[in-house]
Amino acid sequence: MFFGMKIFIFVPNENKYINMCGIVGYIGKRQAWPVLVEGLRKLEYRGYDSAGVALVSAPGDMKVYKSVGKVADLERVVAGKDTSASTGIAHTRWATHGEPSTVNSHPHTSMDGRLALVHNGIIENYAILKQKLADKGYVFSSSTDTEVLVQLIDYIQTEGSLDLLTAVQLALKEVIGAYAIAVVDRDNPDVIIAARKSSPLVVGIGDDEYFLASDATPMVEYTNKVIYLSDGEIAVLRSGEQVRIVNLDNVECSHEAQTIAMNIGQLQKGGYPHFMIKEIFDQPECIADCMRGRLNADTCSVVLSAVNEHRERFVSASRFVIVACGTSWHAGLIGKQLIETMCRIPVEVEYASEFRYRNPVISPSDVVIAISQSGETADTLAAIELAHSRGAFVYGICNVVGSSIARATDAGSYIHVGPEIGVASTKAFTGQVAVLLMFALSLAKETGTISSEEYTSTVASLDAIPDKMRQVLKQNDYIAGMSRMFTYARNFIYLGRGYSFPIALEGALKLKEISYIHAEGYPAAEMKHGPIALIDADMPVVVIATRSPLYDKVLSNVQEIKARGGRVVAVVTEGDTVISSLADFSIQVPAVPECLDALVTSIPLQLMAYHIAVCRGLDVDRPRNLAKSVTVE
Ligand code: F6R
C-alpha cells in the first residue's frame, strides 16, 4: 500500500497539485444548507472524493457534517439532522494530504471546535507550523495542511485576543503556499471571512446576502453580480452590510462587481466549449503544479521523494518493467527512453493486459512501474498483483490520490494535474511524462550516469517547459483552421522516431478516440516496410519532425510521402525551413532538448484531434464506447 496511505510518506515539498477542491459559502436570509448542497453539486465536475459542511445558526451553535464519497452521501449523513442556519461553508475535497476519509474531509475545525475552515490549495510550510502549534499543546486529528491553518488562526486570535479578520490576516502572513479559504466562527454567525492566493474564489452579491464559491457556477441561479477576488485579498462578508475587501495589511481594495453572462455549462468549463480543450489549455499550469516543490530552479535540482525514500531499491534494480494501458502505456514508452538514456538501466514496457496473462519473467530484483491516470484500471491492477507475487517492488505513477493502484503499490508519485474530466487523456499524459522525467533525472543523479552539465541544463529546460507549452498553444487558431481541411478524412498515418515515436502513437490514439477516424502510428523508418503502400492523396500523414539527430532520416520519409502524392502535416522546430517547405501544413514548436520534446509535440496533436472531432460534430468529451476508468478487463 502506498501513496499517502500506509507506506507513502508525503514530505512537504511533494504535496503539490493543481487543486480542484470546491468551496461554497452562503450568508444571508435564506436557509444556507440548500444553497450549499446545490452549490456543491454544481462543483462536482471538478472531481472530488469527499464533502462536508459547517452551519452556524446562532452564537455557540455550529454543526459540522462530513462524508466520504459523493454529495449524495453527505446528504444522507445530514438527513434528519438540524440544518437550520443562514450562515455556512461547504467543500468538496480532492485528496492530496492524506487519504480520502471523513476525518481528512473539510471543514476542519480548531481544537476547541470554535472555528471551521474550508480550503482549496496547499500550505507548503504546514509541517513546520504544525510542529510549532503542537509545541503549544495543539492536537491534530487529520493529516491535512488545512487543519494546521485553522489551528494557527485560532492560536493567533486567542493569544492576542484579536478579532477574526486580524487573526486570519496574521495567520496568512505566516503561510507559504496557495489557498482559497473560507472561515466561520461558532460564536459569531454574522460573518464569513474568505481569502485567496493562487486558488480561485468568487464572491456573489445578492440582495442582502452573499455567496462564495470556487467559481461562479453555484451562484448563477441567485445573482449575476460577482467579484473575483485577487491574490492576497480578503473578503469580509456580513449579511446586510456592504462587502469589505482588504489585503493582508488591512488596506481596503476597491472592486467593481462584474456581471456574468455565461451559463453553468460554460462556467464549469472555464469558458471553453468542452472539458477536453480546457484541459489541453490547462497543461502549462498543470505541469508547473506537477513540478512545484519537486523541481527547484534556484538550485537546479529535482527531488522526487519516492526516489529519496527508496533509493537503494531503485539504484540496485536490475531492470524496470513498465506496465500500463492506452495513453499511459505511451507515456511508459517515453519513460523507457528517458530511464535507459539517463540511468543506463534496462527498461521494458508492457501492456498490462498482456503482462498479466503471459507468465512473465519477473524477479525480486526487478522494479515494476505502474502508470495510470485513474489508478483504477483493472489490467494494471492485476499486473501489479502479479509483480508482487513474484517479489518485485512496484512503483506507481497515478493522478487520483488514494485510488486502488495508489494503494496497491509500494512507492509512488502523484502527477498532481487535477481531475481529468474529458475522456481522452491530455493533461494526465503530459503529467505522466513530466513525472517520468523527474524520476529519470533524480535516479540518474543517484546512479551517477548523468553529467552534471546535462543534469543542470535538463532541469533548467524542464523548469521553462510551461512557457514553451504556452507558445505551442498560441497556434490553436492555425491548427483549428488546418483541421477543418481534414473533417472528412477517413484514415491517417502518424510517424515519428525516437522520443517522437510514442507521440505518433498517442496522436493517432487521440484522433481515433474522439473523431472515429482510423489512424495508425508507426516509427517513421517502418513506413517502407509496409505502410508506404497506403500513401496517396487520401491518406494524410502527420510527421513529428523536430530537430533531432534523426532529422535527416525523417526528412527522407517526408520526401518519400510527397513523391507519392501524400499530404503531410509536419510538427517541426521553430525556424525549420526544410521539412516545412515540403509539408502541406507545418506546426512550429519551440526548441527544447530532445528528451522534453513530448511535452511540446503532443499538444498540437491533441489540438488537431480535438478540432477535427468538433468539425465532425462529435461529442468530444464523451466519445462513444469509451469510459474514463476501465475497471473491467
Ligand atoms: C486515452 C485514454 C486511455 C487510458 C487507458 C488507461 O485517451 O485515456 O487510453 O489511458 O484506459 O487508463 P489509466 O491511465 O486510467 O490507467
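V571 sits in strand β25, which spans residues 568-573. Keep in mind as you read that this is a predicted model. Is V571 buried or exposed? Its relative accessibility is 0%, and because buried means under 20%, V571 counts as buried.

Which residues surround it? Setting aside neighbours within four places in sequence, V571 is in contact with V543, I544, A545, T546, I587, V589, T601, P604 and L605. Take V589 from that list: 18 residues separate V571 and V589 in sequence, while their C-alpha atoms are 7.0 Å apart in space.

## One face of α16

Helix α16 covers residues 465-473, and its residues I465, P466, M469, V472 and L473 are buried. Viewed down the axis of α16, these buried residues fall within an arc of 110°, so they line one face of the helix.

What covers the buried residues of α16? The cover includes the helices α7 (275-291), α14 (427-447), α15 (452-463), α17 (476-484) and α21 (597-615), together with strand β26 (585-589).

## How α7 packs on α14

Two of those covering helices, α7 and α14, also pack with each other, at an angle of about 25° and with their axes 9 Å apart. That angle makes α7 roughly parallel to α14, because angles under 35 degrees count as such. The crossing of the pair α7 and α14 is right-handed.

On the α7 side, the residues that meet α14 are E279, Q283, C286, I287, C290 and M291. Their partners in α14 are K427, T430, G431, A434, V435 and M438. Sorted by class, the contact of α7 with α14 has seven nonpolar, three polar and two charged residues.

## Backbone details worth a look

If you check torsions, start with the peptide bond from H106 to P107, which is cis, with omega near 0°. P107 lies in the loop between β4 (87-93) and β5 (108-109).

Next come two positive phi values. H416 is not a glycine, yet its phi is about 55°; this residue is in the loop between β21 (411-414) and α14, and is buried, with a relative accessible area of 3%. Y516, also a residue other than glycine, has a phi near 60°. Y516 belongs to the loop between α18 (500-515) and β23 (518-523), and with a relative accessible area of 23% it is partly exposed.

Methods: Residues numbered from 1 in each chain as written. Predicted model: local features only at pLDDT ≥ 70, side-chain atom pairs only at ≥ 80, totals over all residues. Heavy atoms only, no water. Buried < 20%, exposed > 50% of the residue type's maximum accessible area, 1.4 Å probe, protein only. Helix = DSSP H or I, 4+ residues; strand = E, 2+ residues; numbered from the N terminus. Arc of directions from axis to C-beta. Contact = heavy atoms within 4.5 Å. Axes fitted to C-alpha atoms, helices over the stretch in contact; angles between N-to-C directions. Parallel < 35°, antiparallel > 145°, perpendicular 65-115°, else oblique. Left-handed = near helix turned anticlockwise from the far one by under 90°. Nonpolar A, V, L, I, M, F, W, Y, C, P; charged D, E, K, R; others polar.
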